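Please look at the sequence and the structure below before reading on.

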Amino acid sequence: MRWALVKVCLAVTAMVVIAFAVPLGLVIREMASDRAFSDAERQAATIAPALSITTDREGLTRAVLSTEPGDRGRLAVHVPDPGKAVDGGAAAEALHIGTRRASAKDIATVRKAGRASITEVTGGFALLQPTALSTGDIAVVEVFVPEGEVSNGVATAWLILAGVGVALIVGSVAVADRLGIRMVQPAQRLAAAAHDLGEGQLATRVPEEGPTELRSAAVAFNSMADQVVQLLANERELAADLSHRLRTPLTVLRLNAASLGEGPAADQTRAAVEQLEHEVDTIIRTAREQRPQTQGVQKGAGAGCDLSEVIRERMGFWSALAEDEGREVRLAGVDRTVRIPVARPELAAALDALLGNVFRHTPEGTAFAVDVHHSGDAAIVLVSDAGPGIDDPEAALARGASGRSRAKGAVGSTGLGLDIVRRVAESTGGDLRIGRSVLGGTEVRIWIGLNGSGGGPERGGRGHGRRVGRRVGRQRRKEPRTAAGPGAQH
């Protein structure tokens, strides 16, 4: 592209220079010729006063020699003899002063026509100027103009024009080369960035500079690279989420294996479950280490579910395990429909992550409760337990630090459970908080905005959330804790 632009600019500039320089050179040559013959006319006019006074040879000779061209042998005077004539009616010359270079025929023609004429002679040109005498005859003054004077300065002017033309061509080529570099370099950077991105260097970006078209291409490339990174991050996030969901059936297997008693088969089953848990943890850690921080859960068009229905369904699943371990279960606030802008699988995964943490990190027989409160523009889900609690809730909420401060069961935690819950809440404009429950253990509060922005802490809902939270706490302290069987609902 660079050399093509240089060639085009070279051709265009050369044509422009030729189109202007050649006519200008011809004009300069014509001007030099006009200047030389104009000087010759003025020199011929200097002898006219002497011719009007006398036609005497000596007098005219002195007059001719007194002029500059006459002294240099370039001026001649031709006076006719009034008494003689030549064939054709032209008078014969009676007086000839100076060096004659023009032919007699040319002189006779000028005398007869009465108009000045220029004729080509050896070594230059002769200007023949007719002049009227006092006798009524016509004398012809001849001024010789050498070839060098006719073209005086023309060669220098042509050289200057040629130099200017060459300078214009060189300058245009230089400018075209710089423009070519300005166009080619962004294209080269774009090609190199595409190559690097294809080799897996996801941080590669292109400076958005250069011509408008290439700048637009750079913007499109950067946007594409960002989308590729986001897609890969989403895939890794999905892999981690799906791997974490395996913990729900693994928890069931681990609890069931614990009730098998002693024996080789029971030990093998427990070892297999432990190995499977280790493999799932490895998959989760690997996926999380490879992915950058991503955005919250993306809601598809029309995504949503009934919060109460999903909670009842998941509590029906976990209540069987709760019965086996002797856990008291409490469920409240799920007697009416609460539509939330979260996909059903995402909400189920979040609930399983919280309830699974209760079974994983609290001793058998520890009671837990799930309460749902609807405040008009938001829904609050409270998952409480009577376990040892979390010493550092802020650290637990930090990405990758979930559960590390628990007094029991912290070993092997990937911290993805609370991360899944948090992303579900933040996708609706809500948030996730951890505190001390009325049961004495941990209380996880999920704030879910019903319109995508209701109650979020950045949208002015924090004060409202505290008021609703205090009201919920007062209500729960007033309500008696009732032991319930599997899947009990209130």
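A residue is called buried when its relative accessible area is under 20%, exposed when that area is over 50%, and partly exposed in between, with a 1.4 Å probe and protein chains only. By this scale Cys-9, at 22% relative accessibility, counts as partly exposed, whereas Cys-305 is buried, with a relative accessible area of 3%.

The model is predicted, and local features need a pLDDT of at least 70 while side-chain atom pairs count only at pLDDT 80 or more, although totals for chains, interfaces and linings use all residues. Residues are numbered from 1 along each chain as its sequence is written, and side-chain values use heavy atoms, with hydrogens and water left out.

A disulfide is taken as a pair of cysteine sulfur atoms within 2.5 Å, and the count of disulfides comes to zero.

A nonpolar core is a set of buried Ala, Val, Leu, Ile, Met, Phe, Trp, Tyr and Cys residues joined through side-chain atoms within 4.5 Å. The largest such core has 43 residues, and those with the most contacts inside it are Leu-307, Ile-311 and Ile-340. Helix α12, which covers residues 344–361, gives the most to this core, with nine residues; helices (H or I, at least four residues) are DSSP runs numbered from the N terminus. If contact means heavy atoms within 4.5 Å, then Leu-307, leaving aside its neighbours within four places in sequence, touches residues including Val-338, Ile-340 and Leu-347. A second, separate core of 23 residues includes Ile-47, Val-77, Leu-127 and Val-150.

Rings of Phe, Tyr and Trp (its six-membered ring) pair if their centres lie within 6.5 Å, and planes under 30 degrees apart count as stacked, over 60 as edge-to-face and the rest as tilted. The count comes to four aromatic pairs. One of them joins Phe-359 and Phe-368 edge-to-face, at 5.7 Å centre to centre and with 65 degrees between the planes. Phe-359 is buried at 3% relative accessible area, as is Phe-368 at 1%. Ring pairs also link Phe-317, Trp-318, Phe-359 and Phe-368 into a cluster.

A charge sits over a ring if NZ of Lys or CZ of Arg is within 6 Å of the ring centre and within 35 degrees of the ring normal.

| Charged residue | Ring | Distance to ring centre |
|---|---|---|
| Arg-101 | Phe-144 | 4.2 Å |
| Arg-314 | Phe-317 | 4.8 Å |

Finally, pLDDT is the predictor's confidence in each residue, from 0 to 100. The chain has a mean pLDDT of 77, and 78% of its residues reach 70 or more. Over residues 399–412 the pLDDT is below 50, and this stretch has 41 contacts in the model beyond near neighbours in sequence.

Methods: Helix = DSSP H or I, 4+ residues; strand = E, 2+ residues; numbered from the N terminus.
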